[in-house]
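Reader: I have the sequence and the structure open side by side. Could you take me through some of the side-chain contacts and the strands?

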Amino acid sequence: MVHSFRACLLLFAIIILASNVSYTRASVKSGNKIKSATFLSPKFVLGPGSVENRFYRNVDFPKGHIGIKNFKAEVIDDTGNPVPLHETYLHHWLVSRYYQRLDVVETNHEQKFKESDHISARNSGLCQSEIGNPAEIPVGYEERWMLNVHAIDTRGAEDRLGCTECRCDLYNITVSEWGRPLRPDYKGGLLCCYDHTQCKVKQGFQGTRRSLYLRYTMEWVEWDSDTIPVKIFIFDVTDTGKRLNGSTGYGPENGCLVEYEIKSCSSSDTAVNECVDVKRTNLTMPTAGYLIYGVAHQHTGGIGSTLYGKDGRVICNSLPTYGEGKEAGNEAGYIVGMSTCYPEPGSIQITAGEKLVLESNYRRDQKHTGVMGLFYILIADRTPNRTSLSQAPIHLHVNMKGSTYAAAIIALFGMAIAVAVTVHSRLKKWRGEGYQPMLA
């Protein structure tokens, strides 16, 4: 969805997981115990209208028992320059943890899995524990990471928005990636823009194929006794609450469709509801905790999403920012940021079994396919000792630009991590001294 962040870091190669891989570049900085590194994905090549949606295994990732403070990503060309969304649309990127048998050698990042050689650490919307915790790694296995990049080249596209929304007619797709016919009412979405598909470009358009990378930057700290683990909950406005045979994760069998369609409004619709599609679903919070962070995930046309608690109280309201220019990170017509919620520590508590309502709003001035109404929150089961804080933290509701908020899609597709917060009074202020958010 969004991608524009930059970093200039000092070289420090010790945390490179595969230092002999030529396409990986990493640098690290330290300060107040925070470390940072920048890596490159394997190269992928796109021409006008083409699609990349691949899974790369055993990618570079910091090792050890750590808490991740930040994770940012962007698409760059082979000269290191960020690529704007109106040229290459980053539909999503995701990171997933797995355990690989120690006696199996992975020689190719795109080598296919043998089911008996690995154990998936998918979390079904709830991340399980900290990264690198030795107690979580099965005997005889090693923790590794997989990266998925879904990018669509829209240079010269006949319908740029239609390509990014994966309209099936523009891709001339009638069967899924696995050869199964699409249902007749399926007009667009992930099933029509899988790897190596081609969106329609203008007749006579000439454009070169080019090499691209996903550049991802991480900040982390070593795990210690002051770190409070946090759980990630992913909510989907398409969730019907149906669960068949104890199914988990996302899919029709458990009531979570992930994407849905927005129909364009008629003149009568405009008079009644101002041409806005309002979609709601009821959810039940399985465990209790304190809200640390909240953010929504929407596509073009989105105008905001809200998570409500008992008696209609607002837990978090997340609004999009649309770009106004042509440069990377400010692309006109694209969502380039979603506002986030950082409540005062301990001020918003969600109880076990509490009935929640998720609402996702989109404009209906035109049809949209493959849109999403996701919301994710970070929950801690306890708050820090107030005496450890030098001053009371403040409530923050800020707009975050760049791919940080794409973490919603990361967690959705199985990033098996927990989020953590650190409360060192000796640390410098960060968004109003108090919680120091980290993924772990």
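Author: Let us begin with a charge over a ring: Lys279 lies over the face of Tyr260, at 5.2 Å from the ring centre. The term applies if NZ of Lys or CZ of Arg is within 6 Å of the ring centre and within 35 degrees of the ring normal.

Reader: What should I know about the model and the numbering?

Author: The model is predicted, so local features need pLDDT of at least 70 and side-chain atom pairs count only at pLDDT 80 or more, while totals for chains, interfaces and linings use all residues. Residues are numbered from 1 along each chain as its sequence is written, and side-chain values use heavy atoms, with hydrogens and water left out.

Reader: How many aromatic pairs does the structure hold?

Author: There are 10 aromatic pairs. Rings of Phe, Tyr and Trp (its six-membered ring) pair if their centres lie within 6.5 Å; planes under 30 degrees apart count as stacked, over 60 as edge-to-face and the rest as tilted. One of the pairs is Phe39 with Tyr216, which is tilted, at 5.4 Å centre to centre and 40° between the planes.

Reader: Which parts does that pair tie together?

Author: Phe39 lies in strand β2 (residues 34–40) and Tyr216 in strand β9 (residues 210–222), so the pair links parts that are 177 residues apart in sequence. Strands (E, at least two residues) are DSSP runs, numbered from the N terminus.

Reader: Are Phe39 and Tyr216 buried or exposed?

Author: Phe39 counts as buried at 0% relative accessibility, and Tyr216 counts as buried at 2%. Buried means under 20% relative accessible area, exposed over 50%, and partly exposed in between (1.4 Å probe, protein chains only).

Reader: Which residues form one aromatic cluster?

Author: The cluster is formed by Phe39, Phe61, Phe71, Trp93, Trp145 and Tyr216.

Reader: Changing topic, what is the strand order in the open sheet?

Author: The 4 strands are arranged as β12-β19-β14-β15, with antiparallel pairing. Two strands pair if DSSP finds at least two bridges between them. At the edges stand β12 (276–284) and β15 (314–318), each with a single partner strand, so one side of each has no neighbour in the sheet.

Reader: And how many bridges join β14 to β19?

Author: Strand β14 (residues 302–308) and strand β19 (residues 355–363) run antiparallel and are joined by 6 bridges. The bridge partner of Thr306 in β19 is Glu359.

Reader: Where does Thr238 lie?

Author: Thr238 is in the loop between β10 (227–236) and β11 (259–262), and it is buried at 6% relative accessibility.

Reader: What do polar atoms of its side chain contact?

Author: The side chains of Thr238 and Asp236 are joined by a polar contact of 2.7 Å. A polar contact is a pair of N or O atoms within 3.5 Å; within protein, one must be able to donate a hydrogen and the other to accept it, and residues adjacent in sequence count only if both atoms are side-chain atoms. A polar atom of the Thr238 side chain also lies 3.1 Å from the backbone nitrogen of Val258.

Reader: What is the phi of Val258?

Author: Val258 has a positive phi of about 75°, although it is not a glycine. Val258 lies in the loop between β10 and β11 and counts as buried, at 9% relative accessibility.

Reader: And Asp311, is that residue buried or exposed?

Author: Asp311 is exposed, with a relative accessible area of 74%. Asp311 is placed in the loop between β14 and β15 and has a positive phi of about 65°, although it is not a glycine.
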